[in-house]
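Here are my notes for your first look through this model. Keep the viewer open and turn the structure as you read.

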Amino acid sequence: METSTSATGSLVKKKSEQVLDGSAIMELVENEEVFTSFVDHKFKELDKDSDGQLSVKELQPAVADIGAALGLPAQGSSPDSDHIYSEVLNEFTHGKQEKVSKTEFKEVLSDILLGMAAGLKRDPIVILRIDGEDLSEFVNGPSYEAEMVSLFQQIVPDDAVLLRDCIVKALEKLTVDQGVPPCSDSWVISNIIEPALQSWDVNDQEKPVSQETFLEEFKKVAERVAQNLKEQPVIVAHSENTFDGSGIKRLLSNKFELDKSLNIALENVPKDRNGKVSKEYLRVVLDVLGPSAGLPPIGAVEQIDKVVADAFDMVNANDGKMVKEDEFKKLLAEILGSIMLQLEGNPISISSNSVVHEPLATSSSLLQPSS
């Protein structure tokens, strides 16, 4: 599974879609009898040596399945998602245990699933079946010419581009909104895009392109892509997340929750003999507070990182000075307040599309009820 992420507009409602909003997960966890049976079955399945405990190695399939259920790329394919896999494993082992009992497995799994359900309720994942119909409607619809002229002008700002390259770049820029699956996915390239380009019979592929030629020839290729999608539909998991500062506002307005979160985040931060903390740890502590404040991990979303950097500059957070713990907490609250104001003024929307190569029913065996 590969993911392409972009800050785009909201998704137009499509035909052939399924919305994952967390309700099925919530139903499973809240039914004690069913959930206990579910855990018994999964624990037995994972406990390969039947010693009544799960080793780190035995937990790996469960961690991989949780990642699949979250729509993450496979382990090892992205530093951002690998960080999440590592966090999930640490939840089970508390960062140090070598073995996990069934009781611990059940407690942590319950917490993770409830967290997933809450996340899906807030930001549902839409499963789209892209079968060429939306792409055909787009290339034969009223908005085709205006949208593609705008795209052409982005692709060919100054120098002429060869026709074939221009068409490939245009396909890469279109999204599920126009009925095109993510072209970052190698399977899509090999099975949908390349065959369409190979069957496109034009003598001027290697010549510089005019706007008129581009519009005419792109439509021919797109119709071939639509035909390939009709024969081999692509399943895409689409999610959208808007960072508007509301999570930070909730945290800052609840002093008890804020103090508790700050104290937990500061537990493992080094202090000198006078109890002072270096300002260089502000970024580390902010990252720990991220989930409570509705923020992504630092490094995960470029636009958010820029907002964070601006907030740090405002309070001279990068000068490395030592400050008392109370001053450290005050600086962190100021940073959160600055991020909140920036996001309230200019919310950042992130859209992510992942091609699902496994059949949906079995993409995460962890979440399949026992038979």
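1. Start with how helix axes are drawn: each axis is a line fitted to C-alpha atoms, over the stretch in contact, and the angle between N-to-C directions runs from 0 to 180 degrees. Two packed helices are then described by the angle between their axes and the distance between the axes. Bear in mind that this is a predicted model.

2. Now try it on a real pair. Helix α7 (residues 144-155) packs with α10 at an angle of about 120°, and the two axes are 10 Å apart. Is that parallel, perpendicular or oblique? Roughly perpendicular covers 65 to 115 degrees and roughly antiparallel starts over 145, so α7 counts as oblique to α10. As for handedness, α7 and α10 cross in a right-handed way.

3. Stay with helix α10 (residues 211-231) and find Phe-214 and Phe-218, which sit four residues apart, about one turn of the helix. Are these two buried or exposed? Phe-214 has a relative accessible area of 0%, and Phe-218 also comes out at 0%. Buried means under 20%, so Phe-214 is buried and so is Phe-218.

4. Next, have a look at aromatic pairs, of which the model has six. One of them is Phe-35 with Phe-38: their rings are stacked, 5.9 Å centre to centre with 20° between the planes. Why are they about one helical turn apart? Because they are three residues apart in helix α2 (residues 32-46). Both Phe-35 and Phe-38 are buried.

5. Back to Phe-214 and Phe-218 for their rings. The centres are 5.7 Å apart and the planes meet at 40°, so this pair is tilted. The reasoning is simple: stacked needs planes under 30 degrees apart and edge-to-face needs over 60, so 40° falls in the tilted class.

6. Rings can also join up in a group. Phe-43, Phe-92 and Phe-105 are linked by ring pairs into a cluster. A charged residue can meet a ring too: Arg-283 lies over the face of Phe-312, 4.4 Å from the ring centre.

7. Last stop, the strands. Strand β6 (residues 234-243) and β9 run antiparallel and are joined by eight bridges. How many of the eight residues of strand β9 (residues 348-355) are buried? Seven of them are, so the strand is mostly covered.

Technical notes
Residues are numbered from 1 along each chain as its sequence is written. This is a predicted model: local features need pLDDT of at least 70, side-chain atom pairs count only at pLDDT 80 or more; totals for chains, interfaces and linings use all residues. Side-chain values use heavy atoms; hydrogens and water are left out. Rings of Phe, Tyr and Trp (its six-membered ring) pair if their centres lie within 6.5 Å; planes under 30 degrees apart count as stacked, over 60 as edge-to-face and the rest as tilted. Helices (H or I, at least four residues) and strands (E, at least two) are DSSP runs, numbered from the N terminus. Buried means under 20% relative accessible area, exposed over 50%, partly exposed in between (1.4 Å probe, protein chains only). A charge sits over a ring if NZ of Lys or CZ of Arg is within 6 Å of the ring centre and within 35 degrees of the ring normal. Two strands pair if DSSP finds at least two bridges between them. Angles under 35 degrees count as roughly parallel, over 145 as roughly antiparallel, 65 to 115 as roughly perpendicular and the rest as oblique. A crossing is left-handed if the near helix is turned anticlockwise from the far one by less than a right angle, and right-handed if clockwise.
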